[in-house]
Amino acid sequence: MIFLRGTIVAVLTLLAIPLVAVPGASADTRKQTDTAAAARRMLGQLKVAKALSIRGYAHRRFQPRWAHHKGTCSAREMVLARDARRIRKNAACHPVKGLWYSPYDGKWLKSEKQVDVDHVVPLAYAWRSGARRWSQAQRRAFANDLTRPELIVVSHSVNMAKGGQGPQSWRPPRRAYWCRYAISWITVKHHYRLFVTRKERVALLNMLRTC
């Protein structure tokens, strides 16, 4: 009886101890959940319409060449430096050595020849989403945007597979990146006021469910 009474007291004492939140994964999860919720709100604000014709599109209408943002560094070179580990550049700002991670397919790449700087919302897709009505200056700013999540280093092979497709017909092979991909796509389209198609919207909502 004495043992039983002591056990009850010990259990009640443990139950009275407040639970302390452990920082780390839970905080990251809350942040991602909040970001995904914001992306859903932005997606709800985007106009839904049928895709425009690709007629008249040309890469040079957006990007006859990479714009220079800092001294001799082009936007592409700045993204390569930003997304690399152990980067080494020459005097002209071009990377000669580095290690890059491609979040679309989970590959680590040791050569700059193996990577591409991808436009998350492809230029051709942006054209069909309303950019065909922009000025040349607006399209050039879009193609060289280092502020929004529009430019990212990925493997050359996965970038070729993606091409100019939208999320209704192509998604990163690595499912763990679907949440970030959808958030980035929506953020870019919302900032530039580009519209979405119905199928595109459904695909983005499905990807956000992985957040």
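Colleague: Which residues do ring pairs link into a cluster here, and how should I read such a pair?

Modeller: In general, a pair of aromatic rings is described by the distance of the centres and the angle of the planes. Rings of Phe, Tyr and Trp (the six-membered ring for Trp) pair if their centres lie within 6.5 Å, and planes under 30 degrees apart count as stacked, over 60 as edge-to-face and the rest as tilted. In this structure, the cluster linked by ring pairs consists of Tyr 57, Phe 62, Trp 127, Trp 134, Phe 142 and Tyr 192. Bear in mind that this is a predicted model, in which local features need pLDDT of at least 70 and side-chain atom pairs count only at pLDDT 80 or more, whereas totals for chains, interfaces and linings use all residues. Residues are numbered from 1 along each chain as its sequence is written, and side-chain values use heavy atoms, with hydrogens and water left out.

Colleague: What of the rings of Tyr 181 and Trp 185?

Modeller: Their centres are 6.0 Å apart and their planes at 45°, so Tyr 181 and Trp 185 form a tilted pair. Because they are four residues apart in helix H7 (residues 178–192), about one helical turn separates Tyr 181 from Trp 185. Tyr 181 and Trp 185 are buried as well.

Colleague: Over which ring does the charged end of Arg 171 sit?

Modeller: The criterion is that NZ of Lys or CZ of Arg is within 6 Å of the ring centre and within 35 degrees of the ring normal. Here the charged end of Arg 171 sits over the ring of Trp 178, 4.8 Å from its centre.

Colleague: At what angle do H7 and helix H8 pack, and which residues of H7 and H8 meet?

Modeller: Axes are lines fitted to C-alpha atoms, for helices over the stretch in contact, and angles run from 0 to 180 degrees between N-to-C directions. H7 and H8 (residues 198–208) pack at about 135°, their axes lying 8 Å apart. Angles under 35 degrees count as roughly parallel, over 145 as roughly antiparallel, 65 to 115 as roughly perpendicular and the rest as oblique; H7 and H8 are therefore oblique to each other. Their crossing is left-handed, a label used if the near helix is turned anticlockwise from the far one by less than a right angle, with right-handed for clockwise. Contact means heavy atoms within 4.5 Å, and the residues of H7 that meet H8 include Trp 178, Tyr 181 and Trp 185, while those of H8 include Glu 200 and Leu 204.

Colleague: Where does Thr 197 lie, and is Thr 197 buried or exposed?

Modeller: Thr 197 lies in the loop between H7 and H8, and its 14% relative accessibility makes it count as buried. Not counting residues up to four places away in sequence, Thr 197 touches Val 48, Ala 49, Ala 51, Tyr 125 and Gln 168; the C-alpha atoms of Thr 197 and Gln 168, 29 residues apart along the chain, are separated by 9.3 Å. Arg 193 lies in that loop between H7 and H8 too, but Arg 193 is exposed, with a relative accessible area of 77%, and has a positive phi of about 55° although it is not a glycine.

Colleague: Which residues does Gln 63 contact, leaving aside its neighbours within four places in sequence?

Modeller: With those neighbours set aside, Gln 63 is in contact with His 119, Leu 123, Ala 143 and Asn 144. Gln 63 is in the loop between helix H2 (25–45) and strand E1 (68–70) and is buried, with a relative accessible area of 4%.

Key. Helices (H or I, at least four residues) and strands (E, at least two) are DSSP runs, numbered from the N terminus. Buried means under 20% relative accessible area, exposed over 50%, partly exposed in between (1.4 Å probe, protein chains only).
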